[in-house]
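The sequence and structure are shown first.

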Amino acid sequence: DLHTAYRRQRQMCIRDRPLIVGTPLSPHRTMYLSKATNEDWKYSQTDPYASGYLDVENGMHHVFWAEYGNPNGIPVMCIHGGPGGGSEAFVARFFHPEKYRVLMFDQRGCGKSTPSASTDNVTAALSNNTTAHLIDDINQLRQTRRIDTPMYVFGGSWGSTLSLAYAIAHPQNVRALILRGIFLCRKKDLDFFYQGNAAVYAKDAFDTSLPGAYMQYPEAWKKYVEVIPPSERGDMIAAYDRLFSRALSSPEEVAVQEDAVRAWSGWEGSTSYLSPDLSKPNSYEELSFAKAFARIENHYFVNGAFLGGEGHANRAQNYILEHARQLVDIPISIVHGRFDNVCPMYQADELVHALKQAGHKCVTYRRTPAGHSMVERENCYALTDILDHL
């Protein structure tokens, strides 16, 4: 009958569409997951052919690095997100292993770099840890690894911020920028994600008069907001800064701070996918990762990402757009998810507009039906395609 024919046709469409994957909920239902699976990747995972540590600041920091692909290939500097996220080996899968020489590193204080903000030695991890210091580290890595030609720079989210800041400071070293999830790190961008309706949440959790990612992820937002007392929610970034900076004198205070780093980090982990796999634990809430991620992110965000200055007043900065003219000779490819709630798409739109106003003639911009993460399926496809055709 018609009902049976329709059902069979629908099942065939679901089976034959590579974008529909997930966990069976019943014989007739499939849960859509937006994260790329192993079958979605064009290139296999490889091991690094070289790795080590770069000592900077007279040994104050030891920056971990690793190289993948072809030692004689086109050099690419991969800039991870966060700040505080750390590099991940799977990023090498975006690149044809015979074409590219892929260099990635863990920014100061996170990943395998030491001292780590995941330990009790937080002060040391955050000392001499600013955007200018990270830019210096990139240059030192270039020199140490003998990259003496302009290189591709690949970064997403905070990685796009640092990539742009590096290109503004050293345009002669950049062959092209390949960016995903543009993050300009201005106050309005941070308020969208971290402030939202927090100031009035205790009075009316359903007040949606201000824009924010909280509208799409109310369960995760509740956990993030309720760590902070209602009287301090007028500035959530500053409130978390006070909590992270507090001297701990009892097990109870340690527990409160651990709950806070999990809440801060878990909020981002919960919002990075258009359709996350809720059957698995939020990896961002793993304590060691969360400590480094939350502490470093907050350290940067409370200082306006150290873009052109520092301190609370610098949160009003608009550094990247004000320096767009310095990028006009660098080809730029941008991928941004239309449903990105961590770094909403208006930031990419503003960057592209500013570049064109400055006279840039070589900007490509792909808006994907995806969320924030680089491993959202559509983002993964778009980035791989761009890199295949550079």
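## Basis of the description

The model is predicted: local features need pLDDT of at least 70, side-chain atom pairs count only at pLDDT 80 or more, and totals for chains, interfaces and linings use all residues. Residues are numbered from 1 along each chain as its sequence is written, and side-chain values use heavy atoms, with hydrogens and water left out.

## Nonpolar cores

A nonpolar core is a set of buried Ala, Val, Leu, Ile, Met, Phe, Trp, Tyr and Cys residues joined through side-chain atoms within 4.5 Å. Buried means under 20% relative accessible area, exposed over 50%, and partly exposed in between (1.4 Å probe, protein chains only). The largest core has 87 residues, of which L177, Y194, Y224, Y240, W264, W267 and F301 touch the most other members. A separate core of 27 residues includes F64, V76, Y100 and L383.

Contact means heavy atoms within 4.5 Å. Neighbours within four places in sequence aside, the contacts of Y194 include W221, Y224, W264, W267 and F301, as well as E268 and E297.

## Helix α9

Helices (H or I, at least four residues) and strands (E, at least two) are DSSP runs, numbered from the N terminus. Helix α9 comprises the 15 residues 287-301. The expected span, 1.5 Å times one less than the number of residues, is 21 Å for α9, and this agrees with the 21 Å between its end C-alpha atoms. Because 13 of its 15 residues are buried, α9 is largely enclosed by the rest of the structure.

All 6 of the 6 residues of strand β9 (residues 332-337) are buried. I332, I334 and H336 point one way, while S333, V335 and G337 point the other way.

Two strands pair if DSSP finds at least two bridges between them. Strand β8 (residues 174-182) runs parallel to β9, joined by 4 bridges, and L179 stands opposite I334. On β10 (residues 363-368), the pairing with β9 is also parallel, over 6 bridges; here S333 has T364 as its bridge partner.

## Loop residue N121

N121 lies in the loop between β6 (100-105) and α2 (122-126). With a relative accessible area of 42%, N121 is partly exposed. Apart from neighbours within four places in sequence, N121 is in contact with P115 and S116. The C-alpha atoms of N121 and V352 are separated by 40 Å, the two residues being 231 residues apart along the chain.
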